[in-house]
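Here's a quick briefing to keep beside the model while you look around. Have the sequence and the 3D view open together.

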Amino acid sequence: MELAMIGLGKMGLNMATRLVQGGHKVIGYDRTKESVENASKNGIDGANSIEEALQKLPKQKIIWLMIPSGKPTAETIKQFSTLLNKGDIVIDGGNSNYKETIAHAEMLAQKGIDFVDCGTSGGIWGLKEGYSMMIGGKKDVVETLNPIFETLAPAKDKGWGRVGPHGAGHFVKMIHNGIEYGMMQAYAEGFGILKGKKEFELDLAQVSHIWQNGSVVRSWLLDLAANALDEDAELKDIKPWVADSGEGRWTVFESIDLDVPAPVITLALQMRFASRDEENYPARMLAALRNQFGGHAIKKSP
């Protein structure tokens, strides 16, 4: 099949490359000329504008978006709504909020343009291992795209599937990322406790490798933790500052709206916020209060 990949960041480039390797023709466009030139080295047919990318596609145009969620995605979809024709297909493979996704689908439907939301997981490993894809949209439209999904997935019949109507794909991916927050936090805390037991002089890399085989906590995330510990067990070159892409927040909001308790995911999100507070005023206030009522010692900032 032929399609255009809009957005050639690390993940978009890897996905386009995997498609080319699988026999598909991919037209690539990105705002930066360097990204387009780099993509061309991987067998992707570069385009210098969205209009040029469309000109290179056959009559029925398939557009896959791999761009930041929010305003960039909304503006790009609005632009395509004026450039595409009835029967063309737009796939949003980014991390859009599912409520915005539903609105995008409704807007494009008014012009007869089909829309598919594809929650995509796999990160930088997807080129080699394949991508997990949670897909939302009309069943018949998704079926026409099966050759693309089968190529991107870990196997033709594994790691992907249509999970429901418009918005369902991004909703499932949102919850997927919320679970990821909790799992990552649990690993981080566990290894933190291991490191704190100084008298045992534990080799954390060794422990991680033991857990990789036969343990109930083995997982791909543990494999990645083992990789990191092999490189630097002290993690001394890594600043303790953790970002969140937004999906963890949306998951927590959804749990509140649905009255479904999600304390682990919520606390994991809060811990990411705490990691960014270099001033940490609340901790300073706690120390001050302990000093005020109990005379406990205060450590002064340098």
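Let's start with Gly-119, which sits in strand E6 (residues 114-121); helices (H or I, at least four residues) and strands (E, at least two) are DSSP runs, numbered from the N terminus. At 0% relative accessibility, Gly-119 counts as buried, where buried means under 20% relative accessible area, exposed over 50% and partly exposed in between (1.4 Å probe, protein chains only).

A word on ground rules: this is a predicted model, so local features need pLDDT of at least 70 and side-chain atom pairs count only at pLDDT 80 or more, while totals for chains, interfaces and linings use all residues. Residues are numbered from 1 along each chain as its sequence is written, and side-chain values use heavy atoms, with hydrogens and water left out.

**Around Gly-119**
- Setting aside neighbours within four places in sequence, Gly-119 is in contact with Ser-132, Met-133, Met-134, Gly-169, His-170 and Lys-173; contact means heavy atoms within 4.5 Å.
- Gly-119 and Ala-16 are 103 residues apart along the chain, and their C-alpha atoms are separated by 16 Å.

**The whole protein**
- The protein has 14 helices and eight strands.
- Its C-alpha atoms fill a box of roughly 75 × 40 × 35 Å, taken along the principal axes.
- Of the 302 residues in the protein, 41% are buried.
- Among contacts with a separation of 6 or more, 66% are between residues 24 or more positions apart.

**Nonpolar cores**
- The largest nonpolar core has 28 residues, and those with the most contacts inside it are Met-5, Trp-64, Val-116, Met-133 and Phe-149. (A nonpolar core is a set of buried Ala, Val, Leu, Ile, Met, Phe, Trp, Tyr and Cys residues joined through side-chain atoms within 4.5 Å.)
- Helix H1 (residues 10-21) supplies the largest share of this core, four residues.
- Apart from that core lies another, of 20 residues, among them Ala-4, Leu-57, Leu-65 and Ile-77.
- Again leaving out neighbours within four places in sequence, the contacts of Val-116 include Ile-89, Val-90, Ile-91, Asp-92, Ile-135 and Phe-149.

- Two packed helices are described by the angle between their axes and the distance between the axes. Here, axes are lines fitted to C-alpha atoms, for helices over the stretch in contact, and angles run from 0 to 180 degrees between N-to-C directions.
- Helix H9 (residues 168-196) and helix H11 (residues 220-231) have axes that come within 11 Å and cross at roughly 40°. H9 and H11 are therefore oblique to each other; angles under 35 degrees count as roughly parallel, over 145 as roughly antiparallel, 65 to 115 as roughly perpendicular and the rest as oblique.
- In H9, Met-183, Met-184, Tyr-187 and Phe-191 meet Leu-221, Leu-222, Ala-225 and Leu-229 in H11. By class, this H9 contact with H11 has eight nonpolar, no polar and no charged residues; Ala, Val, Leu, Ile, Met, Phe, Trp, Tyr, Cys and Pro count as nonpolar, Asp, Glu, Lys and Arg as charged, and the others, Gly among them, as polar.
- H9 also packs with helix H10 (residues 204-211), at an angle of about 135° and with axes 11 Å apart, so H9 and H10 are oblique to each other.
- Phe-191, Leu-194 and Lys-195 in H9 meet Leu-204, Val-207, Ser-208 and Trp-211 in H10. That contact of H9 with H10 has five nonpolar, one polar and one charged residues.
- The axes of H10 and H11 come within 9 Å and cross at roughly 155°, so H10 and H11 are roughly antiparallel to each other.
- The H10 side of that contact is Leu-204, Ala-205, Ser-208, His-209 and Trp-211, and the H11 side is Leu-222, Ala-226, Leu-229 and Asp-230.

**Positive phi in the loops**
- Most residues other than glycine have a negative phi.
- Glu-201 has a positive phi of about 50° although it is not a glycine. Glu-201 is in the loop between H9 and H10, and at 70% relative accessibility it counts as exposed.
- Leu-235, also not a glycine, has a positive phi near 50°. Leu-235 is in the loop between H11 and helix H12 (247-257) and, at 35% relative accessibility, counts as partly exposed.
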